Amino acid sequence: MTSTSERLRGDRAFGASVAGPAHVAADLANQDAWTWTRWRTNYGTVHCAVVCDGLGSRPHAREGARAGVRAAKRAARQWSRAPGAPVGLLVRLLEVLWRLEVAPLPADDCATTCLLALALPDGLEWRLILLALGDGLAAVDSPEGLRTLGGRAEEHFTNTTVGLGTPHHMNDWQVHDMKTSGQVRVLLLSDGIADDVPEHHVPDLLQWLTGLEDRPAAARGQALRRALRQWPVPGHSDDKTVVYLRIGGVEA
């Protein structure tokens, strides 16, 4: 899903993406991409959310971000068929599939960050896997508390970042692999939002998004897109993407 604003399927998952003011002024397309999906396995329903942010200095950033979403979704689906496999194999598969998706374009011309959240049923619990390469923020709010992954450290506040297509090592991927039970909320933010939301304000954003759940889908998407377009931080310019997912008890 890569248009400037879209809704997700399902009644407990939604998101939106809008072009930032800098791209609007330059008549350029949104270079963020996102998706949410789920599929059945022989051990239950797996949920997957992805946000990719094409690096603005690259000529094919938009294509790279869209390819990142497709590659992450394909890798997660394939990897979930062998849930005992190391998470490192999921990362390697995603990297390979992304390069196949962007070929024959040069990978560096398509560089993009990548956030992936994967929830797999495991008995009466969820196994939650968060992956992050480059800027952006992933958060999980569960009975065990709030955990975040990614974000830009103040001492690293520069215009450079790692991503698919840039030189990096496998250990540049940040990984959370955790078990939890009960209700879980997952949030993925591209850096156009994440840079303005310090960790202590993540619960406030989650609470606002939870409040949108009961609205009709059209009104929910409209409210989220309006909030992104009217982002109150002075001087903001980046594309902005939010994906929200709430899952309850493990489905049989």
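Guide: Gladly! Keep in mind that this is a predicted model. Let us start with Thr113, which has its place in strand E4.

Visitor: Why is Thr113 called buried?

Guide: Buried means under 20% relative accessible area. Thr113 has 3% relative accessibility, so Thr113 counts as buried.

Visitor: Which residues does Thr113 touch, beyond those up to four places away in sequence?

Guide: Thr113 touches Val51, Cys52, Asp53, Leu55, Leu133, Gly134, Asp135, Thr161, Val162 and Gly163.

Visitor: And what makes Ser190 buried or exposed?

Guide: Ser190 is in the loop between strand E9 (184-189) and helix H4 (191-194). The limit for buried is under 20%, and Ser190 has a relative accessible area of 2%, so Ser190 is buried. Leaving out residues up to four places away in sequence, Ser190 touches Asp32, Val51, Asp53, Gly136, Asp239, Lys240 and Thr241. One of these, Asp239, is 49 residues from Ser190 along the chain, and their C-alpha atoms are separated by 7.9 Å.

Visitor: How do you know whether Asp27 is buried or exposed?

Guide: Exposed means over 50% relative accessible area. Asp27 has 70%, so Asp27 is exposed. You will find Asp27 in the loop between helix H1 (21-25) and E2. Its phi is near 55°, a positive value in a residue other than glycine.

Visitor: Why is Asp109 called partly exposed?

Guide: Asp109 has a relative accessible area of 23%, so Asp109 is partly exposed. Asp109 sits in the loop between H3 and E4. Not counting residues up to four places away in sequence, Asp109 touches Arg58, Pro59, His60 and Ala61. Ala61 is 48 residues from Asp109 along the chain, with 6.9 Å between their C-alpha atoms.

Visitor: What about Glu125?

Guide: Glu125 belongs to strand E5. Its relative accessible area is 34%, so Glu125 is partly exposed. The C-alpha atoms of Glu125 and Thr180 are separated by 5.5 Å, and the two residues are 55 apart along the chain.

Visitor: How much of the protein is buried?

Guide: Buried residues make up 52% of the 252 residues. The protein has six helices and ten strands.

Visitor: Which residues touch the most other members of the largest nonpolar core?

Guide: They are Trp79, Leu94, Trp98, Leu116, Leu118, Leu131 and Trp173, in a core of 33 residues. Two or more core residues come from each of strand E2 (32-41), strand E3 (44-54), helix H2 (61-79), helix H3 (87-102), strand E4 (112-122) and strand E5 (125-133). H2 gives the largest share, eight residues. Apart from this core lies another one of 22 residues, including Trp36, Ala49, Leu130 and Leu245.

Visitor: What is Trp79 in contact with, leaving aside neighbours within four places in sequence?

Guide: Trp79 is in contact with Ala85, Pro86, Val87, Leu89, Leu90, Leu118, Leu120, Arg127 and Ile129.

Visitor: Why are H5 and H6 called roughly antiparallel?

Guide: Two packed helices are described by the angle between their axes and the distance between the axes. Helix H5 (residues 202-212) and helix H6 (residues 217-229) pack at about 150°, with axes 9 Å apart. Angles over 145 degrees count as roughly antiparallel, and H5 and H6 are therefore roughly antiparallel to each other.

Visitor: Which residues meet there?

Guide: From H5 come Trp208, Leu209 and Leu212, and from H6 come Arg220, Ala223, Leu224 and Ala227. These contact residues divide into six nonpolar, no polar and one charged.

Visitor: One last thing: what is the peptide bond from Ala103 to Pro104 like?

Guide: This bond is cis, with omega near 10°. Pro104 lies in the loop between H3 and E4.

Methods:
Residues numbered from 1 in each chain as written. Predicted model: local features only at pLDDT ≥ 70, side-chain atom pairs only at ≥ 80, totals over all residues. Heavy atoms only, no water. Core = buried A, V, L, I, M, F, W, Y, C linked by side-chain atoms within 4.5 Å. Buried < 20%, exposed > 50% of the residue type's maximum accessible area, 1.4 Å probe, protein only. Helix = DSSP H or I, 4+ residues; strand = E, 2+ residues; numbered from the N terminus. Contact = heavy atoms within 4.5 Å. Axes fitted to C-alpha atoms, helices over the stretch in contact; angles between N-to-C directions. Parallel < 35°, antiparallel > 145°, perpendicular 65-115°, else oblique. Nonpolar A, V, L, I, M, F, W, Y, C, P; charged D, E, K, R; others polar.
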